[in-house]
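Please look through the structure below before reading on. The paragraphs that follow lead from the overall fold to a metal site and then to a second sheet.

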Amino acid sequence: MNIRKIPLIVLYSALLTLPVIAADSGSDLDKVEAKAATSKTTAKADSTAAVHHGITKSYSAKKVAEHTYVIHGPLETPNANNKGFMNNPAFVISDAGVAVIDPGSSVQIGRGVLVHIKKVTDKPVTMVFNTHVHGDHWLGNQAFLEANPDVKIYAHPKMIESAKAGDAESWIKNLSKLTEGAIDSTEAVIPTEALKDGQVVKLGKLSFKIHLNEHAHTKTDAMIEVLEDKVLFTGDNVTAKRIPRMDDGSFRGSIAVIEKALKYDIEHVVPGHGQTGSKTVLSDYQNYLSTIYKTVKILSEEGLEAFEMKEKIAEKLVDYKDWRGFDDELGKHISLAVLEAEQEDFE
Ligand SMILES: [Zn+2]
């Protein structure tokens, strides 16, 4: 055998295999995953994997409007099994390129989102929007900078500020812990393009209208409306079949933001977590929040303490008892609503 041929063959097969590994189901990555499943060092072993396998194998990108696709993630909190994948990464394909909204918790998930995009279009991702500072929505940015050094990454100015001021670091730590290291090798790629309320960002023929607010789910929320597709990306200002944490949120602010959104000329609502739907996605979540807030005010006037309210409020929210996180969050939401209502009295 001619020895000189060997390196060529190796090189050739490597070239053939490489895009497959990068794209999805490379055999080496399968081995890593198989090992991960049987070993106690699960997440550590998998942290070497380039692409999040769950997102590419078990999820698909659903076309929700002419140019808009959403990968609906599971209604879970981050853990070693989902490796942090739990949000709704989305992409919008224009004639001039692709815009991504909320590419997920890690570089591995971001690369998985890119695999889905490549199945639909060869156009490059030229812009990324982040809806708020919570890391499960934006730490996947890294994958898009990696794929295109000229990508523009947009967010609320306060999102950029808080990410820089320590939120980026603490989210990486937090997600690394919750996923037992599955997101490791993720670096925070903080957005550089500060959005303005009412701004319209153009990408070829498509227009992305930006809605900023002071305080809803957080103080860093941007909602993105794709005018031509009549789509609204709400971030966690709205969720479906899942009760989000409100620790950084405002009941009154959230209710008001949804009230405004109900008037937009939209047909499709993409919540931060849960399935895309019509405007009822907005009103269902708004009803949850306003039921808590209104009832808390009434019961406070009757002299009840937060801990005495839970049963009465749960009765009014029976339609939501199957929403993920209901039992865990309701007590906390009532306490937060009580504080906010007391605050309101002083205004
Ligand atoms: Zn959030």
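Two strands are said to pair if DSSP finds at least two bridges between them. Helices (H or I, at least four residues) and strands (E, at least two) are themselves DSSP runs, numbered from the N terminus. The model is predicted: local features need pLDDT of at least 70, side-chain atom pairs count only at pLDDT 80 or more, and totals for chains, interfaces and linings use all residues. Residues are numbered from 1 along each chain as its sequence is written, and side-chain values use heavy atoms, with hydrogens and water left out.

The protein chain holds twelve helices and twelve strands. Of its 347 residues, 52% are buried, where buried means under 20% relative accessible area, exposed over 50%, and partly exposed in between (1.4 Å probe, protein chains only). A contact is defined by heavy atoms within 4.5 Å. Among contacts in the protein chain between residues at least 6 apart in sequence, 69% join residues at least 24 apart.

Phe129 stands opposite Tyr154 in E6.

Which residues coordinate the zinc ion? They are His132 (NE2), His134 (ND1), His217 (NE2) and Asp236 (OD), at 2.3 Å. Donors are N, O and S atoms within 2.8 Å of the metal (3.2 Å for Na, K and Ca); water is not among the atoms, so sites may look incomplete. Along the chain, the donors follow the spacing H-x1-H-x82-H-x18-D. His134, in the loop between E5 and helix H6 (135-138), and His217, in the loop between strand E9 (206-212) and strand E10 (222-226), are 83 residues apart, and the pair links distant parts of the chain. His134 is buried, with a relative accessible area of 10%, and His217 is buried as well, at 2%.

Lys196 lies in the loop between E7 and strand E8 (200-203). With 59% relative accessibility, Lys196 counts as exposed. Not counting residues up to four places away in sequence, Lys196 touches Ile210 and Leu212. The C-alpha atoms of Lys196 and Pro157 are separated by 8.0 Å, although these residues are 39 apart along the chain.

A further open sheet has five strands in the order E8-E9-E10-E11-E12, again with mixed pairing. E8 and strand E12 (268-271) stand at its edges with a single partner strand each, so one side of each is left without a neighbour in the sheet. E8 and E9 pair in the antiparallel sense over four bridges; in E9, Ser207 is the bridge partner of Lys202, and Phe208 is that of Val201. The two strands E8 and E9 form a hairpin with two residues between them, and Gly204 in the turn has a positive phi of about 55 degrees. E8 has a covered face, Val201 and Leu203, and an uncovered one, Val200 and Lys202.
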